[in-house]
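Here's a quick briefing to read alongside the model. Have a look at the structure first, then work through the points below.

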Amino acid sequence: MIKLAPSILSADFARLGEQIDEATRAGADYVHVDVMDGHFVPNITIGAPVVASIRRVTTLPLDVHLMIEHPERYISNFVDAGADIITVHVEASPHLRATIQAIKEQGARAGVSINPPTPIGAIEEFLPHVSLILVMSVNPGFGGQPFIPETLPRIAHIRRILDDRGLSAELEVDGGINADNAPDIVKAGTNVLVAGNSIFRAQEGISGAMRKLREAAG
Ligand code: DX5
Ligand code: ZN
């Protein structure tokens with residue numbers, strides 16, 4: 001069963017609780033939270049206090065995607081705020097092994113993320129140590145960008161490595177996902193689809209968009 005992780009980046013932050021509730025009732029598996037620092041990516045979003053507020057209104061796992069420099073400095077803030085999965089970028093962390101270890105020791109699941117231009121070899125050594133691999137299908141920083149099609153062979157490549165090595169980490173893809181491209185992304189070997197714009201800015205509303213994505217994802 002493919003998991004759906006609506007990204008609140010495209011939600012209406014004044015109605016965040018309500019919108020998370022609607023996505024949850026419509027079958028969301030994770031709540032994807034994009035944390036941006038204005039350094040690792042050009043945009044600034046939200047931090048641990050907002051994660052703590054979301055924690056109080058949902059029982060779904062909080063899938064926290066850190067697009068920040070020096071993520072190791074903030075792990076305990078996000079764990080204390082109630083993050084279940086904390087994902088750090090291979091491009092942002094010179095001491096990734098230690099950061100992954102710190103996330104796990106503090107009781108969260110650890111994820112590693114990779115940007116579109118970064119060679120897959122950069123994450124290979126970390127695959128046995130994480131619960132989730134987050135493949136970016138846009139350059140991170142903004143919601144509503146188009147899916148980069150060159151991501152498909154990258155997903156398939158990582159899927160092969162995981163299967164060959166008998167690794168059970170989830171393979172999550174993030175950026176530009178909608179009901180039209182979801183079937184190909186799933187076919188390439190993804191288990192978790194992140195979607196922001198196509199859910200929270202959908203004409204058919206959040207529930208309608210969730211249903212459409214669920215049908216497309218299979
Ligand atoms: C992009 C973020 C994504 C973003 C996806 O930097 O990591 O999670 O919210 O949004 P859409 O689905 O609109 O591309
Ligand atoms: Zn994200």
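In this predicted model, the largest pocket is the space that ligand 1 takes up. A shell of 20 residues surrounds ligand 1, and the protein buries 99% of the 380 Å² that ligand 1 exposes when taken alone.

**Who lines the site**
- Ser7, Asp34, Gly144, Asp174 and Gly176 are the closest of the residues around ligand 1.
- Sorted by class, the shell around ligand 1 comes out as 10 polar, 8 nonpolar and 2 charged residues.
- Three strands each put at least two residues into that shell: β2 (31-36), β3 (62-67) and β8 (192-195).
- Which element gives the most to the shell around ligand 1? That's β2, with 3 residues.

**Backbone contacts to the ligand**
- Gly141 has a backbone N or O atom sitting 2.8 Å from an oxygen atom of ligand 1.
- For Gly176, a backbone N or O atom lies 2.8 Å from an oxygen atom of ligand 1, and Gly176 is also one of the closest residues to the ligand.
- Gly196 brings a polar backbone atom to 2.8 Å from an oxygen atom of ligand 1.

**A look at Leu167**
- You'll find Leu167 in the loop that runs between α6 (151-164) and β7 (170-174).
- Once neighbours within four places in sequence are set aside, Leu167 is in contact with Leu127, Pro128 and Leu162.
- How far apart are Leu167 and Gly205 in sequence and in space? They're separated by 38 residues along the sequence, and by 37 Å in space, C-alpha to C-alpha.

Note on methods. Residues numbered from 1 in each chain as written. Chains lettered and ligands numbered in written order. Predicted model: local features only at pLDDT ≥ 70, side-chain atom pairs only at ≥ 80, totals over all residues. Heavy atoms only, no water. Near = heavy atom within 4 Å. Polar contact = N/O pair within 3.5 Å; in protein donor to acceptor, adjacent residues only side chain to side chain. Areas by Shrake-Rupley, 256 points an atom, 1.4 Å probe, with all protein chains shown as cover. 1 Å grid on protein atoms, 1.4 Å probe; cavity = no way out; pocket = protein on both sides within 12 Å on 5 of 7 lines; lining within 4 Å. Sits in = over half its atoms within 2 Å of the grid points. Helix = DSSP H or I, 4+ residues; strand = E, 2+ residues; numbered from the N terminus. Nonpolar A, V, L, I, M, F, W, Y, C, P; charged D, E, K, R; others polar. Contact = heavy atoms within 4.5 Å.
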